[in-house]
Each structure stands twice: as C-alpha cells, then as structure tokens.
Amino acid sequence: MKTNQQEMNYKKNIMNNVIDSKEIESIIEWSDLEKIWTHLEKVYSLNTLPYREGFKKYLENMAGDAQPKFFVGYGELVIEPTLNEILKRDSSYPTWNYLLRFLLKIKLSQNPEQRNFYLAGVWKKRSFNTLNNSSSYHLMA
C-alpha cells in the first residue's frame with residue numbers, strides 16, 4: 001500500500017508529465033518516428049506493423065492536418081497501455097511520455113541547434129555539458 005507521500009509524488013509525476021507531453025510535441029519531428037518504432041521493436045519486441053497502420057488511420061482522422069506531434073497522442077492512447085502491460089505497471093503510469101522524453105533527450109544532446117533550443121527553456125529539467133569543445137554533448141545528471 002502506498003503512503004500519502006508516495007501517492008502525492010506519483011500524482012505530481014503525472015501532472016508534470018502533462019507539461020512534458022506539450023514539450024515533446026513541440027520538439028518531435030517526422031524523422032524521430034522511425035527511431036521510436038525501431039526502439040519499440042528492439043527493446044520491447046513489439047510488432048509495430050499494426051501500430052504503424054493504426055497511426056496512419058489516426059492521421060487520416062485529423063482532417064489532413066498530419067503533424068508529427070499527433071504521434072505523441074496516438075502513443076498515449078494506443079501504445080502506452082501495451083507498454084504498461086509488458087512492464088507490469090499501473091495503467092495510469094506515463095510510460096509513453098517517459099520513453100519519448102528519454103529518446104528525444106538523446107537526440108537533443110547530439111544536435112547543437114536543438115540543444116540550444118532545449119537549454120533556452122523548453123525542457124528545463126536537464127543540463128548539458130561539452131567536453132573539449134567537441135560537437136558531442138553529454139548529459140549531466
């Protein structure tokens with residue numbers, strides 16, 4: 001059984017995740033989708049073909065306004081329940097947003113322009129550091 005503090009922290013994480021969804025939507029690009037599909041296949045052994053087809057249908061329902069940010073909402077509705085089942089997590093756990101944030105964090109750390117966008121205040125939760133003035137960036141915990 002959860003203590004009151006654990007319950008408050010859990011609810012706080014869920015509320016913070018709503019903000020993260022909007023931040024992720026502002027950063028995600030079409031090129032990210034294939035990387036995410038590949039990650040789902042390799043790490044979770046997920047057969048992504050039905051999900052890919054479902055996403056195409058989902059985009060068709062958006063009245064021709066197809067944007068990569070809709071992938072975030074589709075994943076929350078359709079893919080997240082499967083991930084939570086695989087990982088034996090509570091159905092309300094925001095696995096999808098945490099996964100996207102993790103995958104995009106890696107992308108952002110490798111792209112100086114997007115890194116600057118990140119540091120300008122979009123994510124506000126992580127800091128980056130350069131090593132030897134090289135173009136590779138490493139996450140600081």
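Let me start with one polar contact, meaning a pair of N or O atoms within 3.5 Å with one able to donate a hydrogen and the other to accept it: the side chain of aspartate 32 reaches the backbone nitrogen of glutamate 29 at 2.8 Å. Please keep in mind that this is a predicted model, in which local features need pLDDT of at least 70 and side-chain atom pairs count only at pLDDT 80 or more, while totals for chains, interfaces and linings use all residues. Residues are numbered from 1 along each chain as its sequence is written, and side-chain values use heavy atoms, with hydrogens and water left out.

Aspartate 32 lies in helix H2, where helices are DSSP runs of H or I with at least four residues, numbered from the N terminus. Because its relative accessibility is 2%, aspartate 32 counts as buried, the cut-offs being under 20% relative accessible area for buried and over 50% for exposed, with a 1.4 Å probe and protein chains only.

Now to helix H3, where Tyr51, Phe55 and Leu59 are buried. They cover an arc of only 80 degrees around the axis, taken from the directions from the helix axis to the C-beta atoms, which puts them on the same side of H3. The face turned away from that buried side carries Lys56, Lys57 and Glu60, which are exposed.

What, then, covers the buried residues of H3? The cover includes helix H2, residues 30–44, and helix H4, residues 70–86, with contact meaning heavy atoms within 4.5 Å.

Note on methods: Helices (H or I, at least four residues) and strands (E, at least two) are DSSP runs, numbered from the N terminus.
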